[in-house]
Amino acid sequence: AKSNRIERTPTDPTALLREIVQRLDPKIVIDSKVAPRSWPLDQGKLRQVLENVLNNALHASNSRVSATIGLDGHTLEYAIRDDGAGIAAGAESTIFEPFYTERSQGVGLGLAFSRRIVQLHGGTITATNHPDGGAEFRIRIPEV
């Protein structure tokens, strides 16, 4: 995330997600019923964000990871949810700090890097515990 520049091009946000899911784990459930056909994104950089968040969800999951793509007004939103133990109380924002990790083999830079890329898009990334269990990450990127 050293570069402070992104190169937005019209991108199919569903196709981008499907490509990543095919490579990581085709069992990830995708809901794209209300996804836009195109959105101005830096495809390469957003790919890194989605791969990181999906990998984290797969590591935390007991058996199920889902991803939803939709619109909230003029904002693209990816919601990625796992069915794992969730986020430790009070760590919802700390997990985005550099070198924070709960994994023995992680270095704790993935979510910090992801947050920076999303911010360069003018967006936000948040993490919460879902009411039905597990963690849910929301990546929101406004239209330019």
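User: What is the bridge partner of Leu71 in β5?
Analyst: Leu71 has Leu76 as its bridge partner in β5. Keep in mind that this is a predicted model.

User: How many bridges are there between β4 and β5, and in what sense do they pair?
Analyst: There are 8 bridges, and β4 and β5 pair in the antiparallel sense. Another of the bridges links Gly70 to Glu77 in β5.

User: What about the hairpin of β4 and β5, how many residues sit between the strands?
Analyst: The hairpin has 2 residues between the strands. Gly73 in that hairpin takes a positive phi near 65 degrees.

User: Which residue in β7 is the bridge partner of Glu77?
Analyst: Arg140 is the partner of Glu77 in β7. β5 and β7 run antiparallel and are joined by 7 bridges. Glu77 also bridges to Gly70.

User: Is β5 mostly covered or mostly open?
Analyst: Mostly covered: of the 8 residues in β5, 7 are buried.

User: And β2, in which sense does it pair with β4?
Analyst: β2 and β4 pair in the parallel sense, over 3 bridges. Ile30 has Ala67 in β4 as its bridge partner.

User: Which residues of α1 are buried?
Analyst: Pro13, Thr14, Leu16, Leu17, Ile20 and Val21 are buried in α1. They cover an arc of only 160 degrees around the axis, so they are on the same side of α1.

User: What covers them?
Analyst: The cover over the buried residues of α1 includes β1, β2, β3, α2, β4 and β5.

User: What caps the N-terminal end of α1?
Analyst: Asp12 does, with a side-chain oxygen 2.9 Å from the backbone nitrogen of Thr14.

User: How far does α2 reach?
Analyst: α2 has 18 residues and reaches 26 Å from its first C-alpha to its last, close to the 26 Å expected at 1.5 Å a residue. Its buried residues include Leu46, Val49, Leu50 and Val53, and also Arg47 and Asn52.

User: Different topic. How many aromatic pairs are there?
Analyst: A search of the whole structure finds 1 aromatic pair. Phe96 and Phe137 form it edge-to-face, 6.1 Å centre to centre with 70 degrees between the planes.

User: Why does that pair tie together parts apart in sequence?
Analyst: Phe96 is in the loop between β5 and α3 and Phe137 is in strand β7, so the pair ties together parts that are 41 residues apart in sequence.

User: Are Phe96 and Phe137 buried or exposed?
Analyst: Phe96 and Phe137 are both buried.

User: Where does His130 lie, and what does its side chain reach?
Analyst: His130 lies in the loop between β6 and β7. The side chain of His130 reaches the backbone nitrogen of Asp132 at 3.0 Å. Not counting residues up to four places away in sequence, His130 touches Arg81 and Glu136.

User: Last one: is Lys33 buried or exposed?
Analyst: Lys33 is exposed, with a relative accessible area of 73%. Its place is in the loop between β2 and β3. The C-alpha atom of Lys33 is 7.8 Å from that of Ile69, 36 residues apart along the chain.

Key. Residues numbered from 1 in each chain as written. Predicted model: local features only at pLDDT ≥ 70, side-chain atom pairs only at ≥ 80, totals over all residues. Heavy atoms only, no water. Phe/Tyr/Trp six-rings, centres within 6.5 Å; stacked < 30°, edge-to-face > 60°. Helix = DSSP H or I, 4+ residues; strand = E, 2+ residues; numbered from the N terminus. Buried < 20%, exposed > 50% of the residue type's maximum accessible area, 1.4 Å probe, protein only. Arc of directions from axis to C-beta. Contact = heavy atoms within 4.5 Å. Polar contact = N/O pair within 3.5 Å; in protein donor to acceptor, adjacent residues only side chain to side chain. Pairing = 2+ DSSP bridges. Expected span 1.5 Å × (residues − 1).
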